Amino acid sequence: MTETVATQGISGVEIVLSEVTKRYPGQNDPAVDRVSMTIPAGEIVVLVGPSGCGKTTTMRMINRLIEPSSGAISIGGREILDMNPDTLRRGIGYSIQQAGLFPHMTVARNVATVPGLIGWDRSRIAARVDEMLALVGLDPDTFRNRFPRQLSGGQQQRVGVARALAADPPVLLMDEPFGAVDPITRGLLQDELLRLQAELRKTIVFVTHDFNEAVKLGDRIAVLGNQSRILQYDTPAAVLAEPADETVAGFVGADAGLKQLTLTRVREVPRGECAVARESEAVEAFRKAIGDSGREWGLVLDDQGRPLRWVTLAQLAQADSLRAAGTAVGGTVSLDSTLQGALETLLAESNANAVVTGRRGEYVGLITIDTLVAHLSRMRSAHAHSDSGGDGGQ
Ligand code: ADP
Ligand code: MG
């Protein structure tokens, strides 16, 4: 790949760490010991490892919130130790756990921090604040004048991301940014980050101790041991398939197969179908359609084709219309959801199916448990082939 092709659409820049070491005063062993790694432009690289292994120290040396004791770091080909630290930091977005918002400033002023420092004029800043809030899914009119304490944890994290992105820096450092929110909100924030990144193509260094989060978000993940020693640095698929050593294998865990579900999107696997009917349609016709489908149940849709209720043949036998019959669909997944998300959704449904919806929320098919089982066994056999230098014959 030539340089021009590789950098098309990418606003991020490469970061190179060479033999970077940090010794805190009064400590015998360095907190970070001679770490070398190249973080490619436009990728999300996740540093994952146990608490205390040196993730935060490594990350904060990149924006010089912590000064390296030795070694070199370059960003976009420029040595950071040759730069003025304030100038350096204004070119790097930084987002941390609990968002780190200034409590006495409104959401708008928080987001405006760096644009203000670098001298943008008022109207440009105001426009940018609204643009960033909308980008992270917060209505500007509702949120711009609130204070951080008037926001939920998830909303605070969104503001934190908006603030980190406000001056359009090529590099974003995120230190356990979603660590303090509940699991459902965390999942949503992760999905949003991936959606944003598909457009922005920044270079993002993301720190977490949560291996599942690393697998979900990383283009590459660096699994770190003590003193930030790199145990393995590769794509999530490669780390899951072939952990470099026992320690990494321990991180990957016994459920490596299930984690592989986070690597595949719903749109990449075949979808199942069932009988469907609009609410306005006749009960009898739907009963026949369900019978023809070979299943015991079907799905009732609204007039826009959006899923409303599961209905069984037994329920239909009692019903005069489709308007009330059946049990509400619990949740849906989109074509961009991961198979892990589909698994969680289908486990909550009594018939073990997840409804897939399209852009406008309309029904486009089902993910069944059989789809997931077939997918996992395909991944396993593909891996067995690559292990044995397989001939590709199936
Ligand atoms: P992580 O982010 O992976 O939890 P840190 O980078 O925060 O790890 O810490 C790495 C090691 O450095 C830990 O042993 C920690 O106790 C130590 N450490 C962190 N900050 C300081 C400091 N300011 N002074 C002395 N030791 C520190
Ligand atoms: Mg830390």
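1. Which polar side-chain atom lies 3.3 Å from a nitrogen atom of ligand 1? It belongs to Tyr24. Keep in mind as you look around that this is a predicted model.

2. In Gly52, a backbone N or O atom sits 2.6 Å from an oxygen atom of ligand 1. For Gly54, a polar backbone atom is 3.0 Å from an oxygen atom of ligand 1. Taken on its own, ligand 1 has 560 Å² of accessible area, and the protein covers 58% of that.

3. Now try picking out the surroundings of the ligand in your viewer. The residues around ligand 1 include Gln27, Ala31 and Pro50, along with Ser51, Cys53, Lys55, Thr56 and Thr57. By type, the shell is made up of six polar residues, four nonpolar ones and one charged one.

4. Next, the interior. In soluble globular proteins, nonpolar side chains tend to be buried together. Here the largest nonpolar core contains 46 residues. Val46, Val111, Met174, Phe178, Phe206 and Phe211 have the most contacts inside this core. Leaving aside residues up to four places away in sequence, Val111 touches Val129, Met132, Leu133, Val159, Ala162, Arg163 and Ala166. Another core, of 26 residues, lies apart from the largest one; among its members are Val20, Val32, Leu47 and Val171.

5. Finally, step back to the whole chain. Domain 1 is assigned to 15–91 + 169–263, while domain 2 covers 268–373. Taken over C-alpha atoms, the centres of domain 1 and domain 2 are 41 Å apart.

How values were computed:
Residues are numbered from 1 along each chain as its sequence is written. Chains are lettered from A and ligands numbered from 1 in the order in which they are written. This is a predicted model: local features need pLDDT of at least 70, side-chain atom pairs count only at pLDDT 80 or more; totals for chains, interfaces and linings use all residues. Side-chain values use heavy atoms; hydrogens and water are left out. A residue is near a molecule or strand if one of its heavy atoms lies within 4 Å of it. A polar contact is a pair of N or O atoms within 3.5 Å; within protein, one must be able to donate a hydrogen and the other to accept it, and residues adjacent in sequence count only if both atoms are side-chain atoms. Accessible areas come from the Shrake-Rupley method with a 1.4 Å probe; for residues, only the protein chains shown count as cover. Ala, Val, Leu, Ile, Met, Phe, Trp, Tyr, Cys and Pro count as nonpolar, Asp, Glu, Lys and Arg as charged, and the others, Gly among them, as polar. A nonpolar core is a set of buried Ala, Val, Leu, Ile, Met, Phe, Trp, Tyr and Cys residues joined through side-chain atoms within 4.5 Å. Buried means under 20% relative accessible area, exposed over 50%, partly exposed in between (1.4 Å probe, protein chains only). Contact means heavy atoms within 4.5 Å. Domain bounds come from an automatic or database domain assignment.
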